[in-house]
Amino acid sequence: MDKPFIIPSPKPGPFVMGQDSQRHPEVPRGTVTKHSWRSTIFPGTVRDYFVYVPVQYSAETPANLMVFQDGGTYVKEDGDVRAPVVFDNLIHQGKLKPTIGVFVNPGFFPPVAEGKDPISNRSFEYDTLSDQYARFLLEEILPEVRVADLVDVDIDIQRALFRPG
């Protein structure tokens with residue numbers, strides 16, 4: 001009988017980020033601003049969201065848009081993903097058109113009493129089969145991004161939504 005084919009296991013060890021995930025002194029840095037939002041579509045919830053605007057953004061040309069769920073995880077400068085660092089590098093290299101990043105954390109209900117924890121609304125927001133989350137982005141967050149960050153986010157051009165596994 002022939003020997004079975006065995007898929008080799010990858011070498012164990014820590015994941016090493018590539019050059020696009022590292023800061024480079026010659027690459028201009030976009031700005032990240034932090035905001036809080038009380039939703040009416042998800043009544044009673046509060047959340048933080050962050051907006052990344054690349055240096056190359058120009059109000060004369062609507063930018064692409066990328067929205068990240070669980071945004072706080074992806075916006076961290078020293079985190080596991082470092083999306084703003086990657087955006088800066090790829091835009092500088094001409095591999096990505098100027099793209100606005102909107103990093104939205106799931107909502108939570110504030111603590112009901114002293115010493116109590118906030119109650120997460122993440123599963124309801126991300127997993128419910130309805131139009132609520134899409135409406136939340138289109139009717140609440142993106143219009144606020146346009147006002148607060150003075151950016152022209154044209155939702156009818158190149159856009160993407162990143163939802164973690």
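1. Gly 94 follows helix 2 and has a positive phi, near 80°. Helices here are DSSP runs of H or I with at least four residues, strands are E runs of at least two, and both are numbered from the N terminus. The model is predicted: local features need pLDDT of at least 70, side-chain atom pairs count only at pLDDT 80 or more, and totals for chains, interfaces and linings use all residues. Residues are numbered from 1 along each chain as its sequence is written, and side-chain values use heavy atoms, with hydrogens and water left out.

2. The buried residues are Ala 83, Pro 84, Val 85, Val 86, Phe 87, Asp 88, Asn 89 and Ile 91. Their cover includes strand 1, strand 2, strand 3, helix 1 (71-75) and strand 4 (99-104). Contact here means heavy atoms within 4.5 Å.

3. Look next at the rings. A pair of aromatic rings is described by the distance of the centres and the angle of the planes. Rings of Phe, Tyr and Trp (its six-membered ring) pair if their centres lie within 6.5 Å; planes under 30 degrees apart count as stacked, over 60 as edge-to-face and the rest as tilted. The whole structure holds eight aromatic pairs. One of them joins Tyr 52 and Phe 87, edge-to-face, at 5.6 Å centre to centre and 75° between the planes. This pair links distant parts of the chain: Tyr 52 is in strand 2 (residues 46-53), Phe 87 is in helix 2 (residues 83-93), and they are 35 residues apart. Tyr 52 counts as buried because its relative accessibility is 0%. Phe 87, at 9%, counts as buried too.

4. Phe 87 also pairs with Phe 68. That pair is tilted, with 6.2 Å centre to centre and 50° between the planes. Phe 68 lies in strand 3 (residues 64-69) and Phe 87 in helix 2, so the pair ties together parts that are 19 residues apart in sequence. Phe 68 is buried, at 5% relative accessibility.

5. There is also a ring cluster. Ring pairs link Phe 42, Phe 124, Tyr 126, Tyr 133 and Phe 136.

6. What does the side chain of Ser 39 reach? The backbone nitrogen of Ile 41, at 3.1 Å. A polar atom of the Ser 39 side chain also lies 2.9 Å from the backbone nitrogen of Phe 42. A polar contact is a pair of N or O atoms within 3.5 Å; within protein, one must be able to donate a hydrogen and the other to accept it, and residues adjacent in sequence count only if both atoms are side-chain atoms. Ser 39 sits in the loop between strand 1 (31-38) and strand 2. Ser 39 is buried, at 5% relative accessible area. Leaving out residues up to four places away in sequence, Ser 39 touches Gly 44, Thr 45, Arg 47, Phe 136 and Glu 140.

7. Two backbone angles deserve a check. Most residues other than glycine have a negative phi. Asp 70 is not a glycine, yet its phi is positive, about 55°. Asp 70 lies in the loop between strand 3 and helix 1 and is buried, at 12% relative accessible area. Arg 82 also has a positive phi, near 60°. Arg 82 is in the loop between helix 1 and helix 2. At 18% relative accessibility, Arg 82 counts as buried.

How values were computed
Buried < 20%, exposed > 50% of the residue type's maximum accessible area, 1.4 Å probe, protein only.
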